[in-house]
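Biologist: I would like to go through this model term by term and ask what each label rests on. Please set every value against its definition before you conclude anything.

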2 protein chains.
Amino acid sequence: MTATRQQERSDATRARLMAATVDCLVERGWSGTTTTVVAQRAGVSRGAQLHHYPTREELVLAAVAHLGAARFADARQRAAALGPGRTAAVLDMLADLHTGPLFRAMLELWVAARTDDALRAAVVPLEAEVGRETHRLTVELLGADESRPGVRAAIQQTLDLVRGLGVSGLLSDDSVRRRHVLADWAEHLDTRLEA
Amino acid sequence: MTATRQQERSDATRARLMAATVDCLVERGWSGTTTTVVAQRAGVSRGAQLHHYPTREELVLAAVAHLGAARFADARQRAAALGPGRTAAVLDMLADLHTGPLFRAMLELWVAARTDDALRAAVVPLEAEVGRETHRLTVELLGADESRPGVRAAIQQTLDLVRGLGVSGLLSDDSVRRRHVLADWAEHLDTRLEA
């Protein structure tokens, strides 16, 4: 096998492990996401899995970081095509991010890390990085100028709001209420960004 | 033992079980909150525990409902003493509710219920009830008139915002940022409640 071929196989194995890990976190939660279950689901041998990700923590953190990068790239691509009514569309995208697999997988980690010191040490830097990246993305997509008074606070409130909406939609369909809340927020946010 | 005496002992047993259950949820999470651990912590026999709360779900749901009632009563009492700058003080109280034991215990249940159908069936009505009660409390404490345009949306945004802040503060001390975010929101909220 050539070096290139080997690299391709290695990349494919990692990609399968990443996808299987996120699926597991979303469907079974942190407690159900063991390395054995993930390896089976990905169709990857235990040996190969351990070679790429020696511990459960490394596997899960890599999977969530990988998903985050993919979702952020996707959001930037979708945003490039947005026309007028941009603020409402950006809020919809943020709400999608916070009701989808990325938020649910991260919430599993945050809640598990609350009562697990080893996991917490690994999750805190990832949470900070995803938080910063989400903030940057939001500023960019909204074309917000944070040097103007009140704009940074408005962006932070927007992100805490969608985070809260993510929690509100965990157990039941909250989409109708969410749409109303965000439509109203879009109007006020436009005023605050332009003020 | 007289009937009154027996009732008093029974009430005391239940109170100890409620307190131990919440402590367990906050310290060890849902997976660490077993009936055995709670009975030991409360200093209550397994028989007495099973008599009052036959299942783990009943025990945990009763404990969270009980804590919610206590916290809401406490918030109403504190609010009665508030003078000017009421909105900011009410937001602080809501933030306290969403960074304290009630929110953390409920979040454990929500996240566990996401991947556990039996628990979900029990938690959904409790979540709805606590949500309604929190909304009612907020309207009451802010003296908000929801028949006026935009006021209901502003109250809902306030509650989603503090819920998001609760999640943001799970793993690290977010209190400085939270204070800034809420101070700014208090101004906007005042404008919207009076508009």
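Modeller: Let me begin with residues 11–71 of chain A, whose end C-alpha atoms lie 19 Å apart and whose span is 80% helix and 0% strand. Helices here are DSSP runs of H or I with at least four residues, strands are runs of E with at least two, and both are numbered from the N terminus. The model is predicted, so that local features need pLDDT of at least 70 and side-chain atom pairs count only at pLDDT 80 or more, while totals for chains, interfaces and linings use all residues. Residues are numbered from 1 along each chain as its sequence is written, chains are lettered from A and ligands numbered from 1 in the order in which they are written, and side-chain values use heavy atoms, with hydrogens and water left out.

Biologist: Why are the two copies described as related by a particular kind of axis?

Modeller: Chain B can be laid on chain A with an RMSD of 0.0 Å by a turn of 180° and a shift of 0.0 Å along the axis, where the superposition is by least squares on the C-alpha atoms of residues with pLDDT of at least 70 in both copies. The two copies are therefore related as by a two-fold rotation axis. The same surface serves both, since 100% of the contact residues of chain B recur in chain A.

Biologist: How many residues of chain B are in contact with chain A, and what area is buried between them?

Modeller: Counting heavy atoms within 4.5 Å as contact, 36 residues of chain B touch 36 residues of chain A. The buried area, meaning the accessible area (1.4 Å probe) lost on being put together and summed over both parts, is about 3300 Å², of which carbon and sulfur atoms give 57%. R114(B), D160(B) and L171(B) supply 23% of the area that chain B buries against chain A, more than any other three residues.

Biologist: What makes the pair E108(A) and R114(B) a salt bridge?

Modeller: The rule asks for a side-chain nitrogen of Lys or Arg within 4 Å of a carboxyl oxygen of Asp or Glu, and the side chains of E108(A) and R114(B) meet at 3.0 Å, N to O. Because E108(A) lies in helix α6 (residues 101–114) of chain A and R114(B) in helix α6 of chain B, the pair joins two chains. Across this interface the rule finds 6 salt bridges, among them R192(B) with D184(A) at 2.5 Å, N to O.

Technical notes. Buried area = accessible area lost by both parts, 1.4 Å probe.
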